[in-house]
Amino acid sequence: MSRPVPRAGRYVLRLLSLAAALGLWQVLTGLDVDLWLRFSQFPTVTEVAHAFADRLAGGDYWTDLTDSLTRIITGFLLAAVLGVAAGVLVARSRLAEDLLGPVLEVVRPIPAIALVPVAILLFPSNEQGIVFITFTAAFFPVLVSTRHAVRALTPVWEEAVRTMGGGRLRILGSVVLPGALPGIFGGLSVGIGVSWICVISAEMISGQYGVGYRTWQDYTIVNYPGVFVGMVTIGVLGWLTSTAVELLGRRLTRWLPRTSYDPGARPRAPRATAPAPPPQTAPVREGSVSEAEEARDEHLV
């Protein structure tokens, strides 16, 4: 049995894996390795680091960062509120499912980035259109996860609340939303990742500021280190926002039993339990067997 790795050791392993990936990148690009993949076209890690330092010293980088975060937060919060509300409504009401379900199922398979022309025609400014794309990207994962989580709830909980005199609002606040929280936050985690993909794409197409817009501009002027600066920025921002959503979900669902894998926990040996006594059976009388056989014979006749 392997010994559990301490928490500090786990962080060291993570840093080592990241350092190994960067070191491999530096070696392949520094030696201009061209086998099947053309690493000679890539900038080195040092070139990207210098470009990152130059970008941090300027004001445009922080303006782009602020604009992208504002768009993400606005669209994601709208999707979280409306997605949860629509998911609960569709899962709890047959009328809402009949009215909204067909429209939502037709629109859901359409990629959010394909709605960019619709956003340009529909909204008076590009800023509102980008927020709309971000909202659409996160809305459907939240909606679907909430709908499935609500439908999977045990009816016994709702019946218990009704027995104690609780109404619809009581059931919604004490049974439906708390019970569906794990599924809701699963949809939120997926939605925040999809939102970053779509907001960057929307900024590349119709934006004026933002990380995606700046990354595309660097590509058009063949500034490849700047392109990788934008990619690293997007990755770090996506990781931070996804981590924030997961931490919030864990805090709001602390009452749930944690059955996930815990590397720092030692397995517990099962407790020895005494064998259960054999069930007590009533003594069989001699006449009872013959009476049962006679009854069976009469039934067969």
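**Notebook: helices, salt bridges and a surface patch**

I began with tyrosine 224, which counts as partly exposed because its relative accessibility is 35% (buried means under 20% relative accessible area, exposed over 50%, partly exposed in between, with a 1.4 Å probe and protein chains only). Tyrosine 224 is found in helix H10; helices here are DSSP runs of H or I with at least four residues, numbered from the N terminus. I note that this is a predicted model, in which local features need pLDDT of at least 70 and side-chain atom pairs count only at pLDDT 80 or more, while totals for chains, interfaces and linings use all residues. Residues are numbered from 1 along each chain as its sequence is written, and side-chain values use heavy atoms, with hydrogens and water left out.

**Entry: the nonpolar patch**

I looked up the surroundings of Tyr224 and found a nonpolar surface patch formed by Met204, Ile205, Trp216, Tyr219, Val222 and Tyr224. Together these residues have about 580 Å² of accessible area, by the Shrake-Rupley method with a 1.4 Å probe, only the protein chains shown counting as cover for residues. Such a patch joins nonpolar side chains (Val, Leu, Ile, Met, Phe, Trp, Tyr) within 5 Å, from residues with over 30% relative accessible area and no salt bridge. Helix H8 (168-206) and H9 each supply at least two of the patch residues.

**Entry: threonine 243**

I then placed threonine 243 in helix H10 (residues 224-252). Threonine 243 is partly exposed, because its relative accessibility is 25%. Its C-alpha lies 8.5 Å from that of serine 189, 54 residues apart in sequence.

**Entry: helix H2**

I checked the length of H2 (residues 45-57): its 13 residues should span 18 Å at 1.5 Å a residue, and the end C-alpha atoms, 19 Å apart, agree. The expected span is 1.5 Å times one less than the number of residues. Which residues of H2 are buried? They are Val45, Val48, Ala51, Phe52 and Arg55. They lie on the same side of H2, because they cover an arc of only 125° around the axis, taken from the directions from the helix axis to the C-beta atoms. An α-helix has 3.6 residues a turn, so residues three or four places apart point the same way. On the face turned away from the buried side I found the exposed residues His50, Asp54 and Ala57. The cover over the buried residues of H2 includes helix H1 (7-30), helix H3 (59-92), helix H9 (211-220) and H10.

**Entry: salt bridges**

I searched the whole structure and found 7 salt bridges, each a side-chain nitrogen of Lys or Arg within 4 Å of a carboxyl oxygen of Asp or Glu. In one of them, arginine 214 pairs with aspartate 64, the closest N and O atoms being 2.7 Å apart. This pair links helix H9 to helix H3 across 150 residues. Aspartate 64 is buried, with a relative accessible area of 3%.

I also recorded glutamate 97 with arginine 151, at 3.0 Å between the closest N and O atoms. That pair joins helix H4 (residues 94-107) to helix H6, 54 residues apart. Glutamate 97 is partly exposed at 33%, and arginine 151 is partly exposed at 41%.

Arginine 147 and glutamate 105 meet in a salt bridge at 3.1 Å, N to O. Arginine 147 is in helix H6 and glutamate 105 in helix H4, 42 residues apart. Arginine 147 counts as buried at 13%, whereas glutamate 105 is partly exposed at 33%. Finally, I noted that salt bridges with shared partners join Arg71, Glu127 and Glu203 into one network.

Key
Contact = heavy atoms within 4.5 Å. Patch = residues over 30% accessible without salt bridge, like charges linked within 9 Å, V, L, I, M, F, W, Y side chains within 5 Å.
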